Amino acid sequence: MEEDFPLPQGDDLKAYRQHQLKRLVDDPSCLDARVELVCADCLICEENAHNMQAYWTNAPFCREIVLNIDSLIDGGHADIAANVCQRAASTLFNHPRLKLRLLEAQKEAIAEGSDKEAAEDADLGVHPLCSTISEMGLNIIAADQGRLEDIHDSSSRLLNDPVEWTSEFEDVIDDAQAKVYAELADHPRGMGFCFAYWHTLARVLRQDYNISWRSPAEMNPGVHFD
């Protein structure tokens, strides 16, 4: 379901989100404010991802969506809930556990939504979302058990370091990326920036968090990056 949310953009959108939070403080039962809040969260995440500006700050907005999404489903807004979860999940990087929670909520919303064929497919486990959820769940279990060699990500055409599936990586990646972008604030963007970014990120992860991480260039030696 491709549905646009008729909300403000940019700084006005952030102010609009704060207004919805205030409405919920005044009246926690206000479903309309909760719907507007998660839609605003989703749009903020999309703006961050599209502009490549502070996309590492998306996780808190996605957590807020997860915390509120059941109210939308129970309140008769399952189609909006499914749309929000799908779109928010697509903006979330390096957070497999949180992304999985969004996708599971999306599946639940589909089951309660107006698209009966999609609901039946989800119930039977043949909806494409079901295979994604299953694969992510297995990868997270493998990471938690230290079986990084068993991790397989069919959603990516490139190989990524399986350490990205560990909770240790997920817990610190946002802070690490904030440090990297602050350090590279004056570095020219464009061709070659990815190598400066990857080099700096690997160093920050190693020095500050004792995490050894291999860049996409290291994981895919036959691929040309620019």
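Here's one to start with: does glutamate 46 count as buried, partly exposed or exposed? It counts as partly exposed, because its relative accessibility is 22%. For the cut-offs, buried means under 20% relative accessible area, exposed means over 50%, and partly exposed is in between, with a 1.4 Å probe and protein chains only.

Quick housekeeping. This is a predicted model, so local features need pLDDT of at least 70 and side-chain atom pairs count only at pLDDT 80 or more, while totals for chains, interfaces and linings use all residues. Residues are numbered from 1 along each chain as its sequence is written, and side-chain values use heavy atoms, with hydrogens and water left out.

By salt bridge I mean a side-chain nitrogen of Lys or Arg within 4 Å of a carboxyl oxygen of Asp or Glu. Helix names come from DSSP: helices are runs of H or I of at least four residues, strands are runs of E of at least two, and both are numbered from the N terminus. Arginine 87 counts as buried, because its relative accessibility is 13%.

How many salt bridges does the structure hold? Eleven. Another of them pairs glutamate 64 with arginine 17, at 3.2 Å from N to O. Glutamate 64 is in helix H3 (residues 58–74) and arginine 17 in helix H1 (residues 10–26), so the bridge ties together parts 47 residues apart in sequence. Both of these residues are buried, with arginine 17 at a relative accessible area of 13%. Contact here means heavy atoms within 4.5 Å. Setting aside neighbours within four places in sequence, arginine 17 touches Leu37, Ala40, Asp41, Ile44, Phe61 and Glu64.

Next, arginine 97 and aspartate 144, whose side chains meet in a salt bridge at 2.7 Å, N to O. Arginine 97 is in helix H5 (residues 96–112) and aspartate 144 in helix H7 (residues 128–144), so here too the pair ties together parts 47 residues apart. Aspartate 144 counts as exposed, because its relative accessibility is 52%. And on shared partners: Arg17, Asp41 and Glu64 are joined into one network by their salt bridges.

Now the helix pair. H3 and H4 pack at about 165 degrees, with axes 9 Å apart. Axes are lines fitted to C-alpha atoms, for helices over the stretch in contact, and angles run from 0 to 180 degrees between N-to-C directions.

By class, that's eleven nonpolar, no polar and no charged residues. Nonpolar covers Ala, Val, Leu, Ile, Met, Phe, Trp, Tyr, Cys and Pro; charged is Asp, Glu, Lys and Arg; the others, Gly among them, are polar.
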